[in-house]
Amino acid sequence: MIALIRRLLVLFVRILVGARSEWRGCAPDPRRRIYFANHNSHVDTVAVMAALPWSVRRLTHPVAARDYWGTNAFRRFIAEKGLRAVLIDRKPPPDSNPLEPLERLLEEGRSILIFPEGTRSATDEIAPFRSGIYRLACRFPDVDLVPIHLDNLQRILPKGSMLIVPITCTARFGKPLRVEPGEEKAEFLARARAAVIELADGGHTA
């Protein structure tokens, strides 16, 4: 039953927004990866998952904010059962490690999808990345980080709006990157953000 719901959810998103994929810098691969994308809409997570082929999607777990997706039973069901999402706290308690469930999934050989801006942008501008992606890159230096740029999703479900506007969206997948030996946090975060921006500009990174 849950598997059927997942397929229907993907089908619904593909019909509604297209969820078209362009693999510019790499090919789909079921091996473990850290996918990271810009964040403009609550539809972002579902759109990326719908753009992934089944062989990759079934092993990929998106990260979702507990303060939104965990606020009621319906949202929690869609996130945890429909998307296999991991709910995390955007304002974790002191001395806690909010990345622990993501680290556990990567240790098990699974992939994750994160949004390093941390919150949705009200414009097309990509905000500076937060440090979580750098910590994961350092913790798993042999895992590829794949940049993704999502087009049009800010227009489909703008921040603060509950009205979905049917517009075709595109998920562009770029060239994988890893943290370089001795690379500082600020340098890596700027490089990862630039990789997403390059895809927004239509650059081919293969």
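This is a predicted model: local features need pLDDT of at least 70, side-chain atom pairs count only at pLDDT 80 or more; totals for chains, interfaces and linings use all residues.

Biologist: Okay, which residues of helix α7 are buried?

Modeller: In α7, residues 132–139, the buried ones are Ile133, Tyr134, Leu136 and Ala137. Buried means under 20% relative accessible area, exposed is over 50%, and partly exposed is in between (1.4 Å probe, protein chains only). Helices (H or I, at least four residues) and strands (E, at least two) are DSSP runs, numbered from the N terminus.

Biologist: Where do those buried residues sit, seen down the axis of α7?

Modeller: They fall within an arc of 165°, so they line one face of the helix. That arc is taken from the directions from the helix axis to the C-beta atoms.

Biologist: And what do they pack against?

Modeller: The buried residues of α7 pack against β2 (33–37), α6 (100–107), β5 (111–114), β6 (144–151) and α9 (185–200). Contact here means heavy atoms within 4.5 Å.

Biologist: Switching topic: how many salt bridges are there?

Modeller: The count comes to 13, taking a salt bridge as a side-chain nitrogen of Lys or Arg within 4 Å of a carboxyl oxygen of Asp or Glu.

Biologist: Which residue does Glu107 pair with?

Modeller: Glu107 bridges to Arg139, with the closest N and O atoms 2.4 Å apart. Glu107 is in helix α6 and Arg139 in helix α7, so the pair ties together parts 32 residues apart in sequence. Glu107 is partly exposed at 49% relative accessibility, and Arg139 is partly exposed at 38%.

Biologist: What about Arg32, who's its partner?

Modeller: Asp142, and their closest N and O atoms are 3.2 Å apart. Arg32 lies in the loop between β1 (20–23) and β2, and Asp142 in the loop between α7 and β6, so this pair ties together parts that are 110 residues apart in sequence.

Biologist: Last one: are Asp151 and Arg172 buried or exposed?

Modeller: Asp151 counts as buried at 17% relative accessibility, and Arg172 counts as buried at 12%. Salt bridges that share partners join Arg20, Glu22, Arg24, Asp151 and Arg172 into one network. Within it, Asp151 and Arg172 form a salt bridge, the closest N and O atoms being 2.5 Å apart.

Technical notes
Residues are numbered from 1 along each chain as its sequence is written. Side-chain values use heavy atoms; hydrogens and water are left out.
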